[in-house]
Amino acid sequence: MTSIPSINPMGASDPAAPFIHDTVRWLEKAVIGLNLCPFAKGVHVKGQIHYVVALTEDTDAVLSLLREELLALQNTPAEVRDTTLLVLPHCLQDFLDFNDFLGDAEGLLDALGLDGILQIASFHPQFQFAGTEVDDVTNCTNRAPYPTLHLLREDSIDRAVEVFPEAEAIFERNMEVLEGLGLEGWRALDVGHHVVAPLAADPQGQGA
């Protein structure tokens, strides 16, 4: 993996930049803007979110990169890097394939002995709750511009829950917010992908 410590996600020399830009836009306008996750704003404002883009179509390469990023998150102070978003613009575009891959991701977490220390959450542009229609707006709570793996620290989650004791109510509130917004309102946020043509796939990941 080639790591690019770029502060500007739109750096022209960074092939990962367009995908990071779309992801940050989604984070700011949807996740933070609609307050879908009350804990996201703090780490975003403090610059504690690490963005990595896997420019590959190979799931084995993604697993290898995921391993690197899990270990890097474990070994980096939380005040420097509290969480990581691993974006997959060329891989696992099918939601069912992505769901199957999550089993491998969890297996890797367990094999590294990091279960209970780190956690892997996920987002996908085709995310669909069981029992819902494809165009059900509530599915958008878990939709991102690209397939994305969210690496979190269990300690950070625990601290956030202490500050927000009614964390279990977040899901229900998010359903209400999305239902009130409606599908047209979600589309008006313009938080999907903006890369017109996919960049040539590369077996390496790019980070920022």
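Which residues of helix α5 (residues 154-163) are buried?

Analyst: This is a predicted model, in which local features need pLDDT of at least 70 and side-chain atom pairs count only at pLDDT 80 or more, while totals for chains, interfaces and linings use all residues. Residues are numbered from 1 along each chain as its sequence is written, and side-chain values use heavy atoms, with hydrogens and water left out.

In α5, the buried residues are Glu154, Ser156 and Ala160. Buried means under 20% relative accessible area, exposed over 50%, and partly exposed in between, with a 1.4 Å probe and protein chains only. Helices (H or I, at least four residues) and strands (E, at least two) are DSSP runs, numbered from the N terminus.

What does the buried side meet? The buried residues of α5 pack against β4 (118-123) and β5 (148-153). Contact here means heavy atoms within 4.5 Å.

As for the setting, the protein chain has six helices and six strands. Along the sequence they follow the pattern β-α-α-β-α-β-α-β-β-α-α-β. Of the 208 residues in the protein chain, 46% are buried. Among contacts between residues at least 6 apart in sequence, 77% join residues at least 24 apart.
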